[in-house]
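Me: I should like to go through this entry step by step. Please show the sequence and the structure.

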Amino acid sequence: MEPDERRRLFEHVAPAVIDAVGRYLARRTDAATADDVLQETLLVCWRRLDEMPAVVLPWAYGIARLCLANAERSRRRQHRLFARILRLDPPTSAAATDGQNDAELAEAMARLRAEDAELLRLWAWEDLAPAEIAAVLGISGNAASIRLHRAKQKLRDEIRKLRHPGGHEELTEGRRP
């Protein structure tokens, strides 16, 4: 089958498949899973277009049913893995805070550029080293180190501004008496 012919055939059957299979999946699972399974179903339909029978919908329902079963198996595996991880390495309980510092930190983070905030979250929340952050962001390790250093400084500055809104604060770091 020629690529254009294949495309036309898929575009001809896809709306009916999307509508019918989308309703079928909406009745069987949650909305997010239904969307994911519908996308997977359409992908399989596209790949197996040469095998498509004259009556498409039952074939597409069968594909959707198998894709849904795969999604449910995957979800069960994730839950089992999560349960094992919790047993082997339980999370440490968060230290009690007064809540004010949390709000202050949240506000300071909100004032940062999105890129800086993401970098700090990768470092602090995910406990990634600069080389790992570099891999996540697709930058060099040196660039990650520099950006992390600058982001930490910007966060310190924002916290300082929140604590001293008047504007003038005398810095004593690095100064001689």
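Reply: One definition first: a residue is buried under 20% relative accessible area, exposed over 50% and partly exposed in between, with a 1.4 Å probe and protein chains only. By that scale A143 is partly exposed, because its relative accessible area is 21%.

Me: Where does A143 lie?
Reply: A143 belongs to helix 7, residues 141–163. Helices here are DSSP runs of H or I with at least four residues, strands are E runs with at least two, and both are numbered from the N terminus. The C-alpha atoms of A143 and P130 are separated by 8.7 Å, and these two residues are 13 apart along the chain.

Me: What kind of model is this?
Reply: The model is predicted: local features need pLDDT of at least 70 and side-chain atom pairs count only at pLDDT 80 or more, whereas totals for chains, interfaces and linings use all residues. Residues are numbered from 1 along each chain as its sequence is written, and side-chain values use heavy atoms, with hydrogens and water left out.

Me: How many helices and strands does the protein chain have?
Reply: There are seven helices and zero strands in the protein chain. Read from the N terminus, its elements run α-α-α-α-α-α-α. The protein chain has 177 residues, of which 26% count as buried.

Me: And what share of the contacts joins residues 24 or more positions apart?
Reply: Such pairs make up 62% of the contacts in the protein chain with a separation of 6 or more. Contact here means heavy atoms within 4.5 Å.

Me: Let us turn to helix 3. What span should it have, and how far apart are its end C-alpha atoms?
Reply: Helix 3 covers residues 56–88, and its 33 residues should span 48 Å at 1.5 Å a residue. The end C-alpha atoms of helix 3 are 48 Å apart, which agrees. The expected span is 1.5 Å times one less than the number of residues.

Me: Which residues are buried in helix 3?
Reply: The buried residues of helix 3 are V56, W59, A60, I63, A64, C67 and L68. The elements that cover them include helix 1 (3–28) and helix 2 (31–47).

Me: At what angle do helix 1 and helix 3 pack?
Reply: Helix 1 and helix 3 pack at about 45 degrees, and their axes are 10 Å apart. Helix 1 is therefore oblique to helix 3. On the helix 1 side the contact involves V13, A16, V17, A20, V21, Y24, L25 and R28, and on the helix 3 side V56, L57, A60, Y61, A64, R65 and L68. Axes are lines fitted to C-alpha atoms, for helices over the stretch in contact, with angles from 0 to 180 degrees between N-to-C directions. Under 35 degrees counts as roughly parallel, over 145 as roughly antiparallel, 65 to 115 as roughly perpendicular and the rest as oblique.

Me: And at what angle do helix 2 and helix 3 pack?
Reply: Helix 2 and helix 3 pack at about 130 degrees, with axes 9 Å apart. That makes helix 2 oblique to helix 3. The contact is formed by T33, V37, E40, T41, V44 and C45 of helix 2 together with W59, A60, I63, A64, C67, L68, A71 and R75 of helix 3.

Me: Finally, where does D127 lie?
Reply: D127 is in the loop between helix 5 (114–124) and helix 6 (130–137). Its phi is near 60 degrees, a positive value in a residue other than glycine. D127 is exposed, because its relative accessible area is 64%.
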